[in-house]
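Good morning. I have one structure to show today, and I will go through it part by part. Please look at the screen.

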Amino acid sequence: MSTLPAQPTGGGTPATDPAKRVLPDRPKAAALLALGFVVLLYLVELVDVILPANLDNGGIQARTLAGLDGVIWAPALHDGWSHLFANTIPVLVFAFLAMAGGIGRFLVVTGIIWVVGGLGVWLIGPGDAVTVGASGLAFGWLAFLLVRGLFNRSWAQLGVALALLAIWGGMIWGVLPTDPNISWQGHLFGALSGVLAAWLVSRKRAVKPAPTTPGNLDV
């Protein structure tokens, strides 16, 4: 019994591997999704300003059972408009570029960063503070974009990574405890979860079985 590799049918060139794209194949949909998420962040901050309740108390409170649900809410909350303004451009750009592999894959990557990064903050974050903000997501997406080219063996993606480093390389210092008012834990675990997400999605792609076609088996 032997198997022969499937022969291509038709004379067209093979489709581009979605995992190796550098830009989304549906740029308008990706841009609208990234913009919609940022608009949601602004609406949440507006509600926080208008209502007498302090929504930021719903952030991550480390090592407390009551603060565990902050893992869900923290990325959508910000400590004032200046905090949100600082996160806006990175969130827009990184989210858009992270959709290059498709919106479905982007949602998986974002879910990993959101949950794993938040749990890391809950485990080692400061016990006397509440952690909020989308910068953990931004660090996660940036790390994902920086390392995906290594896992996918894509020179184009590595080129994008170098460009991102040239523009936003200074963000990397945010993973160090340089400012007591900035959650370096959120940045660090966001970045680590972004690397984890890149590895997981590339591994899933690597073990996906190749399609077979009738007529390729000799018995």
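I start with R63, which sits in the loop between α1 and α2 (70-73). Helices here are DSSP runs of H or I with at least four residues, strands are runs of E with at least two, and both are numbered from the N terminus. R63 has a relative accessible area of 45%, so R63 is partly exposed. On that scale, buried means under 20% relative accessible area, exposed means over 50%, and partly exposed is in between, with a 1.4 Å probe and protein chains only. The phi of R63 is near 60°, a positive value in a residue other than glycine. Most residues other than glycine have a negative phi.

Before going on, a word on the source: this is a predicted model, where local features need pLDDT of at least 70, side-chain atom pairs count only at pLDDT 80 or more, and totals for chains, interfaces and linings use all residues. Residues are numbered from 1 along each chain as its sequence is written, and side-chain values use heavy atoms, with hydrogens and water left out.

R153 also has a positive phi, near 55°, and is a residue other than glycine. R153 lies in the loop between α5 and α6. Its relative accessible area is 74%, so R153 is exposed.

Next, the helix pairs. How do α3 and α5 cross? Their axes come within 9 Å, at roughly 40°. An axis is a line fitted to C-alpha atoms, for helices over the stretch in contact, and angles run from 0 to 180 degrees between N-to-C directions. α3 and α5 are therefore oblique to each other. Under 35 degrees counts as roughly parallel, over 145 as roughly antiparallel, 65 to 115 as roughly perpendicular, and the rest as oblique. The crossing of α3 and α5 is left-handed, a word used if the near helix is turned anticlockwise from the far one by less than a right angle, with right-handed for clockwise. Contact means heavy atoms within 4.5 Å. On the α3 side the contact includes P90, V91 and F94, and on the α5 side it includes W141, L142 and L145. By class, the residues of this contact are 11 nonpolar, 2 polar and 1 charged. Ala, Val, Leu, Ile, Met, Phe, Trp, Tyr, Cys and Pro count as nonpolar, Asp, Glu, Lys and Arg as charged, and the others, Gly among them, as polar.

The second pair is α4 (residues 103-124) with α5 (residues 135-152), at an angle of about 125° and with axes 9 Å apart. These helices are therefore oblique to each other, and the crossing is right-handed. F106, V109, T110, I113 and W114 of α4 meet G136, L137, G140, W141 and F144 of α5. That contact has 7 nonpolar, 3 polar and no charged residues.

Now the rings. How many aromatic pairs does the structure hold? There are 7. Rings of Phe, Tyr and Trp (its six-membered ring) pair if their centres lie within 6.5 Å; planes under 30 degrees apart are stacked, over 60 edge-to-face, and the rest tilted. F94 and W168 have ring centres 4.9 Å apart and planes at 75°, so this pair is edge-to-face. F94 belongs to α3 (residues 81-98) and W168 to α6 (residues 155-168), so the pair ties together parts 74 residues apart in sequence. Both F94 and W168 are buried. Ring pairs also join F37, F106, W114 and W141 into a cluster.

That is where I stop.
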